[in-house]
Amino acid sequence: MGRGQAAPWMVLALALALTFATTAFVAAGTRGRDEARFDNAVQNATDRLIARLEVYISTLRGGASLFAADGGMDAERFQRYADRLELERWYPGIQGFGWTERIETGLDGEVDEVHAIRFLEPMDERNQAAIGYDMYSEPVRRAAMRRARDLAEPAMSGRVILVQEIFGEQSPGFLIYVPVYVGGEIPADVASRRDRLLGFVYAPFRAPDLFDRIYGTEAEPRVDFAVYDGMQADTASLLFVTSPDAGQNSRRSETVRLEIAGHPWTVVFTSRPEFDATSARGLVPLVFIAGLLGTLWLFRLARGQARARAVAEHANQAKSLFLATMSHELRTPLNAIGGYVDLILLGVAGPVSDKQDEYLTRVMRAQKHLLGLINDVLNFAKLDAGRVHFNARPVSAGDAVGEAASMVAVQAEQLGLNFTVAGGPDVQAVCDPEKLRQILLNLYSNALKFTPRGGAVATRWQAVDSVVEILVSDTGTGIEPDRVDEIFEPFLQVDADLTRQGEGTGLGLSISRALARGMGGDIRVTSTPGAGSTFIVSLPRHLPDVVAESGAAA
């Protein structure tokens, strides 16, 4: 068997090895991606709960300050204050905002006390039922009130049935108390705090109402959760559960313990069927099958090339298909690498030393750089093959520039550049917002790469007749007039030394111009050698005919 005949079999062996390796990478990456997605959903849900309760606690602190400053409060003034809070609008899920006053009573020669609810807003039918109730008579409430009094801090109670539960099925709830002392100052010791306590500004919460208002607006919830009072997840301490079926047949679960105003909660998160359905696990066999098909295709292609190497058109088609296929296949393991490095940096696998953090950060930077190069090649291959589609709609130029600029501002600062975005009247362009962001990021990357420290990069926009122009200017090296058109050629940059320094593919500007033209616009440049360049992105203010007729343009 000659060398030419052996080459297709070598390609087959290498392609099979790559298929198995890629499948393994995809499987590992899928697991890591699902773990990261679930952890992110849990963290988001936890953050929303803590943030909302922190807002309520801050509001109660403000109310306590008002009582301490006034020294006295009547029902009318309290109602006016509560009305200004606009509880329903700004504090959804709160049952009320109230004041319970300490009253000393003498029983059998000893000093005892009650804490009667004097004010409670809004004064609806539920809250009216609570007026006059002695909070101190119930052990769970009393324990929280004592903790708030002695520590001079907000305190959350355990699970209770609110006095307001006068309709139908009684739902569990809890209360948060903030103490107020005589004279407004916090006494220095516990004995003085007990002696000088005036009462508590407090808020009652019905658990179903609170959690429904915090999470009920989610269009597509990704996790279920159950909230238990205390350190154990048992039925008797259940405060709230998202659905009766929560946790059934879930593939993932996580238990989080929170401390809110000095009181513990246990929250058990489980993945929803919708979350599990969006897992990329099903891609693993597809990747393997696609890899086998790709292997067979490469084998067939290699045999065809061995038999007919002189067919230039066939070779050109193979190039485009190879770029697109391999770019897709390479992005998956690179994303897996990035995901695992990110998880290690977050400490998921254990503590990370400073030196390990440094090395892992370099790995992450190299991964992102290589992924960017592959994305450039993939984007160019798609454009070259006419397989890019545009979703054109009116887009605010100011919003688009602001979003892209925010993604590179820190990098510009690290490079010692003056990075500015001019304000002014906003205008709308008809374009695909994601494609416009890609164009702007390419232009910013180009400007940051070739502008020396101490230079400037500025952006502004304007409406000129039927187009919107977005101008990105820099004070970089500039371009010779006879070489301006060359910079938009693929795989080419004007200065080879700068190209090597920037480690780019030379595709950014070529891709950007192709994207702009695909949306009915264009990119042009004006430049002065040694003084800098200005790239001008022009986009239509009205829907181009090519987009209006088909809904997409290549």
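Arg-272 is buried, with a relative accessible area of 18%; buried means under 20% relative accessible area, exposed over 50%, and partly exposed in between (1.4 Å probe, protein chains only). This is a predicted model, in which local features need pLDDT of at least 70 and side-chain atom pairs count only at pLDDT 80 or more, while totals for chains, interfaces and linings use all residues. Residues are numbered from 1 along each chain as its sequence is written, and side-chain values use heavy atoms, with hydrogens and water left out. Helices (H or I, at least four residues) and strands (E, at least two) are DSSP runs, numbered from the N terminus.

**Salt bridges**

- Arg-272 forms a salt bridge with Asp-224, and their closest N and O atoms are 2.8 Å apart; a salt bridge is a side-chain nitrogen of Lys or Arg within 4 Å of a carboxyl oxygen of Asp or Glu.
- This pair links distant parts of the chain, 48 residues apart: Asp-224 is in strand 7 (residues 223-229), and Arg-272 is in the loop between strand 10 (263-271) and helix 8 (273-277).
- Asp-224 also counts as buried, because its relative accessibility is 5%.
- Asp-150 and Arg-149 meet through their side chains in a salt bridge of 2.9 Å, N to O, and both residues are buried.
- The whole structure contains 20 salt bridges.
- Among them is the bridge between the side chains of Arg-213 and Glu-88, at 3.1 Å from N to O.
- Arg-213 lies in helix 7 (residues 207-215) and Glu-88 in helix 3 (residues 87-90), so this pair ties together parts that are 125 residues apart in sequence.
- Arg-213 is partly exposed, with a relative accessible area of 34%, whereas Glu-88 is exposed, with a relative accessible area of 57%.
- A network of salt bridges links Arg-126, Glu-165, Arg-206 and Asp-209.

**Aromatic pairs**

- A pair of aromatic rings is described by the distance of the centres and the angle of the planes.
- Rings of Phe, Tyr and Trp (its six-membered ring) pair if their centres lie within 6.5 Å; planes under 30 degrees apart count as stacked, over 60 as edge-to-face and the rest as tilted.
- The structure holds 17 aromatic pairs.
- In one of them, the rings of Tyr-81 and Phe-97 have centres 5.8 Å apart and planes at 45°, so the pair is tilted.
- Tyr-81 belongs to helix 2 (residues 75-85) and Phe-97 to strand 1 (residues 97-107), so the pair ties together parts that are 16 residues apart in sequence.
- Tyr-81 and Phe-97 are both buried.
- Phe-211 and Phe-240 form a stacked aromatic pair, with 4.8 Å centre to centre and 15° between the planes.
- Phe-211 in helix 7 and Phe-240 in strand 8 (residues 238-241) are 29 residues apart, and their pair links distant parts of the chain.
- Phe-211 counts as buried at 1% relative accessibility, and Phe-240 is buried with a relative accessible area of 14%.
- Ring pairs link a cluster that consists of Tyr-56, Tyr-91, Phe-174, Phe-205, Phe-211, Tyr-215, Phe-225, Phe-240, Trp-265 and Phe-269.

- Nine of the nine residues of strand 17 (residues 532-540) are buried, so the strand is largely enclosed by the rest of the structure.
- Gly-532, Thr-534, Ile-536, Ser-538 and Pro-540 point one way from strand 17, while Ser-533, Phe-535, Val-537 and Leu-539 point the other way, and all are buried.
- Strand 17 pairs with strand 15 (residues 467-474) in the antiparallel sense over eight bridges; two strands pair if DSSP finds at least two bridges between them.
- Opposite Phe-535 in strand 17 stands Val-472.
- Strand 16 (residues 522-528) runs antiparallel to strand 17 and is joined to it by seven bridges.
- Opposite Ile-536 in strand 17 stands Arg-524.
- The hairpin of strand 16 and strand 17 has three residues between the strands, and in this hairpin Gly-530 takes a positive phi near 80°.

**A residue of helix 1**

- Asp-34 is placed in helix 1 (residues 3-70).
- Asp-34 counts as buried, because its relative accessibility is 3%.
- The side chains of Asp-34 and Arg-37 are joined by a polar contact of 3.1 Å; a polar contact is a pair of N or O atoms within 3.5 Å, where, within protein, one must be able to donate a hydrogen and the other to accept it, and residues adjacent in sequence count only if both atoms are side-chain atoms.
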